[in-house]
Protein chains: 2
Amino acid sequence: MKYSSQTRLLVAVDCIIFGFDGTDYKLLLIQRGFAPEKEKWSLMGGFVQPEESLDEAAERILKQLTGLHDVYMEEMQAFSQPDRDPIERVIAVAYVALIDIEKYQTQINDDFHARWYSIKELPNLIFDHKKMVEIALTKLRYKAAFHPILFELLPEKFTLPQLQAMYEGLYDTKIDKRNFTRKVLSTKLLKKENDKDKSSSKKGAFYYSLDEDHYKENFTNIHNFIPRNEIPAGVE
Amino acid sequence: MKYSSQTRLLVAVDCIIFGFDGTDYKLLLIQRGFAPEKEKWSLMGGFVQPEESLDEAAERILKQLTGLHDVYMEEMQAFSQPDRDPIERVIAVAYVALIDIEKYQTQINDDFHARWYSIKELPNLIFDHKKMVEIALTKLRYKAAFHPILFELLPEKFTLPQLQAMYEGLYDTKIDKRNFTRKVLSTKLLKKENDKDKSSSKKGAFYYSLDEDHYKENFTNIHNFIPRNEIPAGVE
DNA sequence: AATATTAATTGTCTTTTTTACACTATTAAA
DNA sequence: TTTAATAGTGTAAAAAAGACAATTAATATT
């Protein structure tokens, strides 16, 4: 017994993979090796297979490109304009992933001609991928204002100046150091380490790391990482 | 030229339609007239047609059931476990709609044996529809804490006590009248009308209505409708 | 050895926002 | 006119957020 009278459609997953290099937000793009739009830049995507869920498809695709699993990733939105792919109708479900750029394993992705692009200097992207990225950034700004997700972009140990630069980069604003530090430490999400990062100053900045237990318990709580007047309008 | 080697899948849209009757939150459900699960209760759904987007499919389906269009509705999440429908694999994209229960046009839906159920007394639902509703409620609680979406559940003119009851119902809590009134009026989203609703008290409560211009402009802004300690954890 | 340089670290006061809390006003019904 | 039932309103205390700049630590330079 089947729903025999109904039309079946191609369903794909596209991964919007963000990284942060200490200064800029980056997007991991691939150069398509196949038509249509061969050699144009694109998000990494793939068709959903008969026996896998969308989440599984997204994980498979992220693994293919980056070698990484257990990465922060969530469903963002479906893109379903019938003509969005000129070859044939494909419904794409966009996923957003945040990864520590240093964990990215370049050897695995060589097949895909992948490259990190600064989000300020994106190349032209195929289909509606530009729109996907814009929406992803808007949603990221919104969510990161209240939830500690940006930590996923940093290595295990990071300094407060690095953390602040990451927030300042996303919202393109300057935040007062003292107020920022107070807010962040008041969340109790961070543990101070004993060593310092001396790569960017003579004095050196103490490393911090996530207090994993506290982090998981409080992840869904509402925090307030950026000043009120920088909080972006929501999406939709 | 087609993506000929790929498997195509059925894609459906399911509508989670919320209403509020002054006391309780309601969900509009239909009694399925066809197998599988004939006569069981279900969300209203339908397959995505070849020439329509998911948004269009959701609107079509909502219109079929309720006679309403131009309704607040947004994509929530995809449900894609391969075995979620026992007949055949179907990827469902869940949409959440908020409607003024009084606008619901009963004559149109008679085909579907539709009924409003209090969310406190839901019947068993088919497939994973129960899960969809739970997630929808969690997300609604989260979003409504910061954005003025619940107004979509009320008629054009409503009173402050009605409004407060609606918030108290969603978060299952009591809110101080004075603080609630101050917060709500400080958003500038409301216009005070000159007449009163006397149906629930002798004194009567003044009607208010949305200041449409202000509402649209400020819709995506962050507001704060409920006390801090009632703000729910986010979803995910 | 002293000094210069560079970025990290730290505290206080003011303003704004939120919360806690209880009496008066209005009108229909008895 | 009394009663009953819900609507409407203000203030003070607490908490959170914002504005603001001097000191510290370590290295590099002279």
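Colleague: Before we get to the DNA, what counts as a helix or a strand here?
Modeller: Both are DSSP runs, numbered from the N terminus. A strand needs at least two residues of E, and a helix, H or I, needs at least four residues.

Colleague: Which element gives the most to the surface near DNA strand C?
Modeller: Keep in mind that this is a predicted model. In chain A, helix H4 (177–186) and strand S10 (205–210) each supply at least two residues of that surface, as does helix H5 (177–186) of chain B. With four residues, the top contributor is H5(B).

Colleague: How far is a polar side-chain atom of B:Asn179 from a base nitrogen of DNA strand C?
Modeller: Take some other base contacts alongside it. B:Lys203 has a side-chain N or O atom 3.4 Å from a base nitrogen, and for B:Arg178 the distance is 3.2 Å. For B:Asn179 it is 3.0 Å.

Colleague: Are H3(B) and H4(B) oblique or roughly parallel to each other?
Modeller: Their axes come within 10 Å and cross at roughly 135 degrees, in a left-handed crossing. Angles over 145 degrees count as roughly antiparallel and those under 35 as roughly parallel. The two helices are therefore oblique.

Conventions
Residues are numbered from 1 along each chain as its sequence is written. Chains are lettered from A and ligands numbered from 1 in the order in which they are written. This is a predicted model: local features need pLDDT of at least 70, side-chain atom pairs count only at pLDDT 80 or more; totals for chains, interfaces and linings use all residues. Side-chain values use heavy atoms; hydrogens and water are left out. A polar contact is a pair of N or O atoms within 3.5 Å; within protein, one must be able to donate a hydrogen and the other to accept it, and residues adjacent in sequence count only if both atoms are side-chain atoms. Axes are lines fitted to C-alpha atoms, for helices over the stretch in contact, and angles run from 0 to 180 degrees between N-to-C directions. Angles under 35 degrees count as roughly parallel, over 145 as roughly antiparallel, 65 to 115 as roughly perpendicular and the rest as oblique. A crossing is left-handed if the near helix is turned anticlockwise from the far one by less than a right angle, and right-handed if clockwise.
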